[in-house]
Amino acid sequence: MRTFNQIVEHEFQQDYYKKLHQAVEQAYQTTTVYPPKEEIFRALNLCHYDDVKVVILGQDPYHEPHQANGLAFSVTKGVKVPPSLVNIYQELHDDLGVPIPYHGDLTSWAKQGVLLLNNVLTVERGKANSHRHLGWETFTLNVIKALNEREKPMVFILWGRNAIEKKKCIDETKHLVLTSPHPSPLSAYRGFFGSKPFSKTNEFLMNHGMEPIDWSIKNV
């Protein structure tokens, strides 16, 4: 039985990751970086490898104060829901009729086996994509490859060009891959709205004998 700990530990030994770790450590010491260091791998810590049903792959963490918390698209309760998540909630409502929540904490999704993973896991304050090409893309690609090897099928939801690039390493004869533009206000109207990823995901899970995801977010 594989675990994310084993996968991550293997990556830690690789030369690319040693360079990445050095660059990220220096960035935390010299600039303001999100998420907090102890939450970088939170998405992998909340899901078990064998229990993942859905992977939602985003771009990089939110880059404004108090937003990024280690889960792609999620923010802690009490933090204003960011525009991308507003659009995700709108599509969820249009797709499944789920009431639009008051907060942006997606922990309940993660606990059901939804891996909320960004393509890049850190970012400098106020500078979107500032940690691209440090090596995170290789790390997350290897996580996706490890998941792809699993016999039990899952759904990969790839939002935005950077995420969609990873489609080439996923076996679509086994897993379901759903792609669309990123839910950010800049691109959501180009095909994210109306893509119905939530109902398509649950239909696939049920067709393969799995419990569907309860996508509703409780306002408590």
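Visitor: Which residues lie nearest the centre of the largest cavity, and how many line it?
Guide: The lining has 18 residues, and Pro61, Gly70, Leu71, Ala72 and Asn118 are the ones nearest the centre. A cavity here is a set of points on a 1 Å grid over the protein atoms alone where a 1.4 Å probe fits but cannot get out, and lining residues have an atom within 4 Å of a point. This is a predicted model, with local features needing pLDDT of at least 70 and side-chain atom pairs counting only at pLDDT 80 or more, while totals for chains, interfaces and linings use all residues. Residues are numbered from 1 along each chain as its sequence is written, and side-chain values use heavy atoms, with hydrogens and water left out.

Visitor: What volume does the largest cavity have?
Guide: About 100 Å³, where a volume is the space filled by probe spheres set on the points, and grid points are joined across faces, edges and corners. The count of cavities of 30 Å³ or more comes to 1.

Visitor: Which elements supply at least two residues of that lining?
Guide: Helix H3 (42–46) and strand S3 (114–118) do. S3 gives the largest share, 3 residues. Helices (H or I, at least four residues) and strands (E, at least two) are DSSP runs numbered from the N terminus.

Visitor: And by class, what is in the lining of the largest cavity?
Guide: There are 14 nonpolar and 4 polar residues, and no charged ones. Ala, Val, Leu, Ile, Met, Phe, Trp, Tyr, Cys and Pro count as nonpolar, Asp, Glu, Lys and Arg as charged, and the others, Gly among them, as polar.

Visitor: Now the open spaces. How much space lies in the largest pocket?
Guide: About 620 Å³. A pocket is an open set of points with protein on both sides within 12 Å along at least five of seven lines. The largest pocket has 26 lining residues, with Gln59, Ser84, His182, Ser184 and Leu186 nearest its centre. Helix H4 (83–96) and helix H7 (161–164) each supply at least two residues of this lining, which divides into 10 nonpolar, 11 polar and 5 charged.

Visitor: What about the second largest pocket, what volume is that?
Guide: About 160 Å³. It is lined by 12 residues, and Thr3, Phe4, Cys47, His48 and Tyr49 are the closest to its centre. H1 and H3 are the elements that give two or more residues to this lining. By class, the lining of the second largest pocket has 5 nonpolar, 4 polar and 3 charged residues.

Visitor: Switching to helices. At what angle do H1 and H6 pack?
Guide: Helix H1 (residues 4–12) and helix H6 (residues 136–148) pack at about 140°, with axes 11 Å apart. Axes are lines fitted to C-alpha atoms, for helices over the stretch in contact, and angles run from 0 to 180 degrees between N-to-C directions. H1 is therefore oblique to H6, since angles under 35 degrees count as roughly parallel, over 145 as roughly antiparallel, 65 to 115 as roughly perpendicular and the rest as oblique.

Visitor: Which residues make the contact?
Guide: Phe4, Ile7, Val8 and Glu11 of H1 and Phe139, Asn142, Val143, Ala146 and Leu147 of H6, with contact meaning heavy atoms within 4.5 Å. They divide into 7 nonpolar, 1 polar and 1 charged.

Visitor: And H2 against H6, what angle there?
Guide: Helix H2 (residues 15–30) and H6 pack at about 130°, with their axes 9 Å apart. Tyr16, Tyr17, Leu20 and Val24 in H2 meet Trp136, Thr138, Phe139 and Asn142 in H6. That contact has 6 nonpolar, 2 polar and no charged residues.
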